[in-house]
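Here is a short briefing on one structure. Keep the sequence and the model open while you read.

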Amino acid sequence: MSRMAISTTVNGDPAEFLCDPSETLLDALRSSLGLTGAKEGCGSGDCGACTVMLDGQMVCSCLVLAAEAEGRTIATIEGVAEGSVLHPVQDKFLEFGALQCGFCTPGFIVAAKALLERNPDPDESEIRYWLAGNLCRCTGYDKIVRAVQAAAAQMRQEGATA
Amino acid sequence: MNAPENPKTFKVIGTRPVRPDGVDKVTGKAVYGPDFTTAGMIHGAILRSPHAHARIISIDTSKAEALPGVKAVVTSADFPGQESKVVAAGETSSNLQHIASTCMAQGKVLYIGHAVAAVAATTKAIAEAAAKLIVVDYEVLPHVIEVEEALADGAPILHEGMITKGIEPAPTKPSNASASFTLHDGDVDAALAASAVTATGKYRTAPVHQGYIEPHACVASWNADGQGQLWISSQGHFDLRNQTAAVLHMPIGDLRTYPLEIGGGFGGKTGIYLEPVAMLLSKKSGRPVRLTMSREEVFAGSGPAPGVVADIIIGASEDGTLTALKLEFWNQSGAYPGSTIHPGVMTALGAYRLPAFWARGWDVLSNFAGTKAYRAPGAPQIAFVVESCLDDLALKLGMDPIDLRLKNAVVPGDPGPVRLPHGKIGYVECLEAAKAHPHWSAPLGPNQGRGVAGAFWGNYGGQSTASVALASDGSVQVTTGSPDIGGSRASMAIMAAETLQVPYESVRVTIADTASIGYSMVTGGSRVTFATGKAVVVAAREVLATLVSRAASLMGVTEDQIVWRDGAAHGPGEQVLTIAAIAGKAGQFSGPISAEAAVNPLDYLPAFAVHICDTEVDAETGQVAVVRYTAVQDVGTAIHLDYVEGQLQGGAAQGIGWALNEAYLFDGQGRIENPGFLDYRMPVASDLPMIDTVLVEVPNPAHPYGVKGVGEAPIVPPLAAVANAVRDATGKRFTQLPLTPDRVYAGLKASA
């Protein structure tokens, strides 16, 4: 099986890797690039633990072929914080205890950040439906929804004062 | 959220600090089971049975071995033979032969998805391709799935020669009923006959999976000198080490096991599946080997919770005093003995005063993966049966369902499930809190109904080791062997900080590998904050005693002249020595300040919970929506409020999924038709409302800070709370879970 050479941008930096034609973007991120923050919970796009941004679109990286990343821009959980400064969504997940085991957390944070960039003031239903593609088995979602609401409020305030 | 007023003088307990492992987990840095790699690591794949029940005639691995890149192939022939011996296995005990057979079929396959052979190769793709080249010749046998099929005359027997345990006289004929367990007191039939009112029903639930988002994964390295290492995501790396060593006939000391972060377990990661296979692949290949499960493998090859078929009748006098309870249930247990009939029986008997009772559970085997512990193992199903029946009884009596429960609820001193008196429990307090909650009296909308259910879980203590060591600047290192599955590092840090009266942030918590701290049992049985927490407090108190002693010596006074306050020794004449000052002078004393405690506390107490649920039922589609939910629980003392509330909310959500959506669906061949998250429908964010919590605190007097286990009890009431709410909304009693739209629609049609 001949391997394909892929050039892409990950979290703002150029990144290159070799992949099999059948390999998923998730596998390439985790194995070739060492970015294990995106998780495989199902491999079928049902749990959202592998959520990343591809050219600004939220995708399940287990449903994207690694070769499709050629020339495109990827953002993963590893790029959400700016250096050691956490994103408000990350801060509020910690402050609200919105994680228990933490395995689904990277996917939720990437998805929540995408929501708040699109809609800075979502109501509870909008948050719940936006995050309906991310499974959490530990929390019952209550504290996750509250953390996203609090992050939205903080970001609106920061936006207003910026 | 109703965080309790804290009348005690705690400084750190009952607060909400950020967990010590938090930043790693929100930035993607935390290393979970499938994330770990080590130098030279290769990849394994497992070949699994396509048959629900078959004899393995032969296995030809030659084509797989010939594939370039393949480094090792393992079959059951590579496993050492096992004697029939019962050993500790997580929260329960299992026969060693069954533990080994769970990892790889020995002679017979017992379910679709049963591991038959394994390959290790330089890439996962080669390993998977090679596994497909293994030729297995099967003699296919008839299989059974439902309890009634498994118990029918002439049913195929999974374990040849198996005689039901717990029945006198012992049956002479082998069957699929592995065991029976009965508790009884008084003449239950006479008491029922004399009762003014009785309620009865036949109930049924399906097998459900724990549904942790992280599939099983491990990396194994087994060297030529016999020493091995395992990196695993589990609920207890000590117990999984012990099980693996037992299966492989290794000295336990030769198997060092490292805990990785665990992505959920709920009981399902208390036993071994991949570990001995990975070890054997490593031994044969001379390389570290990673084995992981796909989601489909998790559903087919790891343990669900048993389904239940149950008959119940409960009697009461006219004033609502319970007179008798009679229950018989059959666990649909999967391929191996040992399902949860004992806790099932106890669930029926521990919450209410019962003048007469008879409760019997049967462990019935069938051809799907052997069931495993799932959060309060065995209790949710039986609480569904009992609490639904109580709801019917309240209706017949014309009583408020909380009042019926209050009238009969056990109080301290009343007989517990095995007739020993209950200790300082808080069921009445929970029922009263539920009744007083605004939810209970709030108006309902159209097509809505309200249900309530109470229940308890016995909790556990168990063995734990912890150490507390001070650095020269007074910072505190806490080390345990209890994997952190839901924030327990934070709870340990809080209890150490409270004991030493130091800031929470000066305490750091490590979960050590098996070579770095003594044994701790699995994270299960709601035991870690209770038992491991007790070990941490005992060790911290010993450290504190050393600090006081050394402070006295440094000040030239006696210990009784020292008052320890705010992390410092206060002596006569306003002398003050901080923890840092004392720790920094360790070189002047007999050595560094550190203490280890090993405990096995037996004075745990059960947790009681009461849940209120509002549902809205769409009569045109049968769709049930949970529109409001409140979980009340006696938590003893809440150590970290967020993670206590989170346990109540998460348990409620899992229970709602069990009630409304989740079930294994089998086709005629014994194949699971829904082995993925699309069709095995766990609750998502848009399915649920906020889940309100009420923390009732009736402290356990035997724990230094009053802790009772919290994690499991919240999954016990929801099944009945939801079903009772649907009963209230529709006027129809549904006795079979899950309450899927087709079932509800058909039920409403039939009664219309």
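**Helix packing in chain B**

Helix α11 (residues 379-397) of chain B packs against helix α19 (residues 718-730) of chain B at an angle of about 35°, and their axes lie 8 Å apart. Axes are lines fitted to C-alpha atoms, for helices over the stretch in contact, and angles run from 0 to 180 degrees between N-to-C directions. Helices (H or I, at least four residues) and strands (E, at least two) are DSSP runs, numbered from the N terminus.

This is a predicted model: local features need pLDDT of at least 70, side-chain atom pairs count only at pLDDT 80 or more, and totals for chains, interfaces and linings use all residues. Residues are numbered from 1 along each chain as its sequence is written, and chains are lettered from A and ligands numbered from 1 in the order in which they are written.

- On α11(B), the contact residues include Phe384(B) and Asp391(B); on α19(B), they include Leu719(B) and Arg727(B). Contact means C-beta atoms, placed from the backbone, within 7 Å.
- By class, this contact of α11(B) with α19(B) has 6 nonpolar, 2 polar and 3 charged residues. Ala, Val, Leu, Ile, Met, Phe, Trp, Tyr, Cys and Pro count as nonpolar, Asp, Glu, Lys and Arg as charged, and the others, Gly among them, as polar.

**A sheet**

- Chain B has an open sheet of 3 strands, in the order β6-β2-β8, with antiparallel pairing. Strands pair if DSSP finds at least two bridges between them.
- β6 (108-109) and β8 (135-140) of chain B are at the edges with a single partner strand each, so one side of each has no neighbour in the sheet.
- Arg55(B) has Lys108(B) in β6(B) as its bridge partner.

Note on methods:
Two residues are in contact if their C-beta atoms, placed from the backbone, lie within 7 Å.
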